[in-house]
Structure formats: C-alpha cells, structure tokens
Amino acid sequence: MSDAFTQLEVAGRPVRISRPDKVFFSARGETKLDLIEYYLAVGEGMLRGVRERPCALKRYPDGAEGAFFFQKRIPAGAPEWLQTAEVTFPSGRSADELCPVDLAHVVWAVNLGCLDFNPHPVRRSDLSHPDELRIDLDPQPGVRFSTVREVALCVREVLEEHGLVGYPKTSGSRGIHVYVRLAPHWDFTQVRHAALALAREVERRMPRKATSAWWKKERGRRVFVDFNQNAKDRTIASVYSVRANPDARVSCPLRWDEVADVEPEELTLATVPRRYKKLGDVWGEMDARAFTLDSLLELFERQTAAGLGEAPFPPHFEKQKDEPLRAPPREGALRAKPALAARAKRQPRTRRKPSS
C-alpha cells in the first residue's frame, strides 16, 4: 500500500485516505487506517451516536498525543455528497457543521485527523429541542474510578424513580456518561434544568462522593455531575468514539450489570470490535422508546421553591435569567464556612428569662 494515499469505497461512496499508515496511537502503533477499520467494525453502533447530528471537527493532525484544534465549519474542497447542518451558537454566529448520515462521513472526517466525534444532542430536523439528556460524571483529582461507578449506579436509581431509562458508557477517559433518549419536546434550558435537578438529587444522596458545585474550589475530592453539558453548544464524545490517548481508549457503551466492575483501560480500539462482534450494540434498544422530562422538571421546581434556584452557566454564555453571580467563591469564604459552623456548634445556648 502506498504511504501517500489510498481510496476506499464506504457506503457506496469513494473516500480518499491520505497517509493511511500514519501512526495515530503510540502504545500499540495503530494507524489512521486502523482507526478507520475500527469505525467500520462498530459501524451501526457508532452511527447511533452521530447520525443526523451536527458535529464539530476535532482534528489531531499529528495523532492522539499531538496538538488538536476544533473546526466548526466544513473546509473547502469537501466532497459534494457531504451532508451538513447549520448550527447557531450562543454568540449569535453560525456554521455549517458535518452531519453524518452514513459511515462515509465518518471515514472522511477520520482522514482529516478526527479521532473522536462530538455531536450536538439534537438532530438536524429540530435543532432547538434535544433528544438526549446527557449526564457527565467527571471525577475531580484524586477520585478513584470505583467512586465514579458508585455514583453512576446512584444516577440509575434516580432516573428509574422518575420513570427514565439511562444508558451508560465509559467516557474513554476517567469518567462515565449516562444518556436518556428524549422525545424532542423540551428546549435546551428545560433539559439543562432536568440535568441540574438530577445532579442535586444525586449529591443529596451521596454528599461525600458526588457534587453539583459548578466552581472547582467547591467540588473537593468528589465526582462532579456536570449539568452544564446540557447547555446549548456543549458536546460530548459520542458512543464508540476513540479518545485521544496513546492506548486508544473507547467511549464504550455498557450494560448496567457491567458498570460495577468495568475497567476503562480494557476498552480500546484493539478490544472493542471483538466485544461488538460478540455482544452486538448494547445500546441497541435505546431508540425504541423516547422519554418525558416532566418528573425531573417537577423536581427542579421543588428544589427552586426550597431555595436552590438557578446555577451558573458556562462562561461564554450571556447572563441568564435568575442566574446567580457568575464569580467563583473567595477562598477565605470557603474556609470561613466550616469554621463558623464549628463555632456555632460550640456556642452555649442563652436561656431567655421568662417575661413577667
């Protein structure tokens, strides 16, 4: 095979591959062509995560350990058959982003150095109403993966109590994601409120292991339930995406009975195709039923009535209605809170004299 280029036929379309032997992952020496063959091997499962969804291009021209950049707009010279969707961002700007409809689109993007795929939680038929609730469990420094597993199982418990079915996957890094298929009836603000309500409920049940605190200084050594991944313009690596690390770990879908024992380092570009061949797509039933957010939104209203209210948005968003001050708490204030609480505990109660 020439090191210059080769051409593949994928989904009935010719796709030119430049430098197919270029090493993308150093641990086992896997190449660009190895990555393409991986995506073809898990094809239908992979398409479940990206089909008809706008995707920004996250390009690693020098492989997983090199620098990367995001390219929202399709580059000049793209093939005529390439499908796109126009996405409008909170800034007011817009871009025509890649909108995969078959594996030829995936292979075309890999040729540009895209390792993983980062779709929006909407389909191009309705870009204003997400059809996925995305729960991102992000362990803070020092948190063991065993704790992430425990928090994921608590997420499942909360979802089931609200009539929802979650589908877990490894993040391909240190976390776990849980998705819920939605009927596209709610806007981004409502979906984010549902995620915030869930995050706070998980924190209430596991206060030492989970947190909904947006500011890093307040999270401690806990798993952050990142509700803001449901804000408009936020994306997460898709199911079956190969992440940018030397051993090519995969954001791999799981059954719930696997979560308690899963080891992310065992799910890689080299192992997941065999798993897929043996088990099929374990998210295969996901599209069979779309769920409602009514119960989680009712929980959000109860939390709001109890004084919790809105939470900060990501920094690139304009100030939102009812959003609290968008500034991290001062370190002195964080230290003062436990000290004040301890003093209050030690303070003897003053008896009031009975009135005459």
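Mentor: Let us begin with a term: a pocket is an open set of grid points with protein on both sides within 12 Å along at least five of seven lines. Please keep in mind that this is a predicted model.

Trainee: How much space lies in the second largest pocket, and which residues are closest to its centre?

Mentor: The second largest pocket holds about 330 Å³ of space, and among the 19 residues that line this pocket, R200, S212, A213, L308 and A311 are the closest to its centre. Helix α5 (residues 188-205) gives the most to that lining, with 5 residues, and by class the lining has 12 nonpolar, 2 polar and 5 charged residues.

Trainee: What lines the largest pocket?

Mentor: The largest pocket, with about 480 Å³ of space, is lined by 21 residues, of which D136, H177, Q229, T235 and R243 lie nearest its centre. Strand β10 (residues 132-139) supplies the largest share of this lining, 4 residues, while the division by class is 6 nonpolar, 8 polar and 7 charged.

Trainee: How many cavities of 30 Å³ or more does a search of the whole structure find?

Mentor: Rolling a probe the size of a water molecule over the atoms shows where empty space is left. Here the search finds 1 cavity of 30 Å³ or more, and its lining consists of G49, P119, E132, R134, Y179, A237, S238 and V239.

Trainee: Which residues touch the most other members of the largest nonpolar core?

Mentor: In that core of 93 residues, they are L35, Y38 and L137. Leaving aside residues up to four places away in sequence, L35 touches F24, F25, V110, C114, L115, V242 and L269.

Note on methods. Residues numbered from 1 in each chain as written. Predicted model: local features only at pLDDT ≥ 70, side-chain atom pairs only at ≥ 80, totals over all residues. Heavy atoms only, no water. Core = buried A, V, L, I, M, F, W, Y, C linked by side-chain atoms within 4.5 Å. Buried < 20%, exposed > 50% of the residue type's maximum accessible area, 1.4 Å probe, protein only. Contact = heavy atoms within 4.5 Å. 1 Å grid on protein atoms, 1.4 Å probe; cavity = no way out; pocket = protein on both sides within 12 Å on 5 of 7 lines; lining within 4 Å. Points joined across faces, edges and corners; volume = space filled by probe spheres on them. Helix = DSSP H or I, 4+ residues; strand = E, 2+ residues; numbered from the N terminus. Nonpolar A, V, L, I, M, F, W, Y, C, P; charged D, E, K, R; others polar.
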